[in-house]
Amino acid sequence: MAEVTLDLRGVSRPAAYAELGAHLDAVLEGISDRVAIMATMAAVLHHSFGFLWTGFYQVLEPGQHLVVGPYQGTLGCLTIEFGRGVCGRAAATGRTVVVPDVREFADHIACDARSRSEIVVPVFDDARALIAVLDIDADTVRAFGDHDVAGLERLVKRFAHSTVRA
Ligand code: SME
């Protein structure tokens, strides 16, 4: 198995995401179980960049509720309604949401009071149905930019061809 500890904090984001993609390809080779993929992606992303909270909310009832999935960080909110908070907005719109400063996002749901900025990326299956969102929090404002949007949207595409856990 590939080396599991990456430190990408001093690396430019485009180079970091390229390295992360290659790393995940190696670690997840032959793996199609969604929970295994989510858990591995959360762990690798979280520790490579030193984020505050990194994880997935899965679609529990389409258009209604998300429920927390594999994550790294302090205790996450258990369920989130579509349309509520940053996660619910990404789920309801099917679009990535970047919040440069959580104090300026009125409906932000604070699971960890140290969160200062956030990005939430929708995750789709092969049929373009929403299956989850990837949520990442940082303890600094403006931690996420266009390179993160592009890099993370590319990373979550691996779910399109994954199979549902038996
Ligand atoms: N801040 C999120 C809630 C999830 S926690 O950050 C883990 C939101 O506003 O949707």
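How do the residues of the shell around the ligand divide into nonpolar, polar and charged? In this predicted model, the shell comprises 7 nonpolar, 2 polar and 3 charged residues. The residues that surround the ligand are Trp53, Tyr57, Ile80, Gly85, Val86, Cys87, His108, Ile109, Cys111, Glu118, Asp135 and Asp137.

Within this shell, polar atoms of the protein approach the ligand from both backbone and side chain. A polar backbone atom of Ile109 is placed 2.7 Å from a nitrogen atom of the ligand, and an N or O atom in the side chain of Glu118 is found 3.0 Å from a ligand nitrogen atom. An oxygen atom of the ligand, in turn, has a polar side-chain atom of Asp137 at 3.2 Å. The ligand taken alone exposes 310 Å², of which the protein buries 99%.

Among the elements, H3 gives the most to the shell around the ligand, namely 3 residues.

The space taken by the ligand corresponds to the largest cavity, and the count of cavities of 30 Å³ or more comes to 1. The volume of the largest cavity is about 160 Å³, and of the 19 residues that line this cavity, Ile109, Cys111, Glu118, Asp135 and Asp137 are the closest to its centre. The elements that supply two or more residues to the cavity lining are E1, H3 and E6, with the largest share, 3 residues, coming from H3. By class, the lining of the largest cavity consists of 10 nonpolar, 4 polar and 5 charged residues.

Strand E5 (117-124) and helix H4 (146-156) each provide at least two residues of the pocket lining, and E5, with 4 residues, gives the most. When the lining of the largest pocket is divided by class, 6 residues are nonpolar, 2 are polar and 5 are charged.

Technical notes
Residues are numbered from 1 along each chain as its sequence is written. This is a predicted model: local features need pLDDT of at least 70, side-chain atom pairs count only at pLDDT 80 or more; totals for chains, interfaces and linings use all residues. Side-chain values use heavy atoms; hydrogens and water are left out. A residue is near a molecule or strand if one of its heavy atoms lies within 4 Å of it. A polar contact is a pair of N or O atoms within 3.5 Å; within protein, one must be able to donate a hydrogen and the other to accept it, and residues adjacent in sequence count only if both atoms are side-chain atoms. Accessible areas come from the Shrake-Rupley method with a 1.4 Å probe; for residues, only the protein chains shown count as cover. On a 1 Å grid over the protein atoms alone, a cavity is a set of points where a 1.4 Å probe fits but cannot get out, and a pocket is an open set with protein on both sides within 12 Å along at least five of seven lines; lining residues have an atom within 4 Å of a point. A molecule sits in a cavity or pocket if more than half of its atoms lie within 2 Å of its grid points. Ala, Val, Leu, Ile, Met, Phe, Trp, Tyr, Cys and Pro count as nonpolar, Asp, Glu, Lys and Arg as charged, and the others, Gly among them, as polar. Grid points are joined across faces, edges and corners, and a volume is the space filled by probe spheres set on the points.
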